[in-house]
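Here is a short tour for someone meeting this structure for the first time. Have a look at it below, then read on.

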Amino acid sequence: MRIGILGAGGMADALGTQWARAGHEVTVSGRDLGRSAAQAARMTAAAGAEVRAGSYAEAGAFGEVVVVAVREEGLLDTLQAAGAALRGKALIDVTNAAPLTYDLTRSHARLIGDITGGHVVKAFNLCHVDVWRMTPPVFDGRPLAVPLCGDDPEALAATRTLVADLGCIPVDGGGLERAALLEATAAFVIGLWFGGADAQAILPPLASSGAHGSS
């Protein structure tokens, strides 16, 4: 599929390179076209497949799926620059707020949907960028699970495909209204990791988590 990425930083590089290697067409974008082009060239060399660079509007128009991968402080300007190209598109939101300034009343995913008119899926926001560079991300023999929150069936299906192409397992996290919980989870566990704690150890394995499953 055609993937436009709003951003040309670490997340765009890690995810976009993996997807280009898997056979998808990828365009990255940033405020400085020269820097974006240099990033695309590095991704092309790493993936063995062409990655293009363009403006935010060009990346938005190019993608069947558009990934929002910019810092919180640049989010509004980026969405405005991409403009009407995002309306009705499948949008994957990977953004996070800084852990210490996270606002429980303000969901990035909901904001993106309201501004763009796109079909937002929150995903890929719980892991450090270096995890997405792994081929594949497997820990103690267990593939990484990636929770998804969204409402649109086609956008969710496309995101599941992209998760699987990384060697990960997509997990249904509920509708877009639950994206705020996924964002809050990221703020909490990233804060623990920054403090040197093993955040993964706060939860028991499934077999020890009590009664579960659908009835």
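Let's start with helix α4, residues 75–82, where L75, T78, L79 and A82 are buried. Here "buried" means under 20% relative accessible area, "exposed" means over 50%, and "partly exposed" is anything in between, using a 1.4 Å probe and protein chains only. Helices (H or I, at least four residues) and strands (E, at least two) are DSSP runs, numbered from the N terminus. Look down the axis of α4 and its buried residues fall within an arc of 95 degrees, so they line one face of the helix. That arc is taken from the directions from the helix axis to the C-beta atoms. In general, an α-helix has 3.6 residues a turn, so residues three or four places apart point the same way.

What sits over that buried side? The cover includes β1 (2–6), α3 (56–62), β4 (65–68) and α5 (108–116), with contact meaning heavy atoms within 4.5 Å. On the face turned away from the buried side, α4 carries the exposed residues D77 and Q80. Just after the helix comes G83, with a positive phi of about 65 degrees.

## How to read the numbers

This is a predicted model, so a few ground rules apply: local features need pLDDT of at least 70, side-chain atom pairs count only at pLDDT 80 or more, and totals for chains, interfaces and linings use all residues. Residues are numbered from 1 along each chain as its sequence is written, and side-chain values use heavy atoms, with hydrogens and water left out.

## Rings in a cluster

How many aromatic pairs are there? The count is two, where rings of Phe, Tyr and Trp (its six-membered ring) pair if their centres lie within 6.5 Å; planes under 30 degrees apart are stacked, over 60 edge-to-face, and the rest tilted.

Together, ring pairs link W19, F124 and W132 into a cluster.

D140 is not a glycine either, but has a positive phi of about 55 degrees. D140 is in the loop between β7 (138–139) and β8 (142–143), and is exposed, with a relative accessible area of 85%.

The peptide bond from T135 to P136 is cis, with omega near -5 degrees. P136 is in the loop between α6 and β7.

## A buried serine

S29 lies in strand β2 (residues 25–29) and counts as buried at 0% relative accessibility. Leaving out residues up to four places away in sequence, S29 touches I5, L6, G7, A8, S36, G54, S55, Y56 and A59. The C-alpha atoms of S29 and Q39 are separated by 9.3 Å, and the two residues are 10 apart along the chain.
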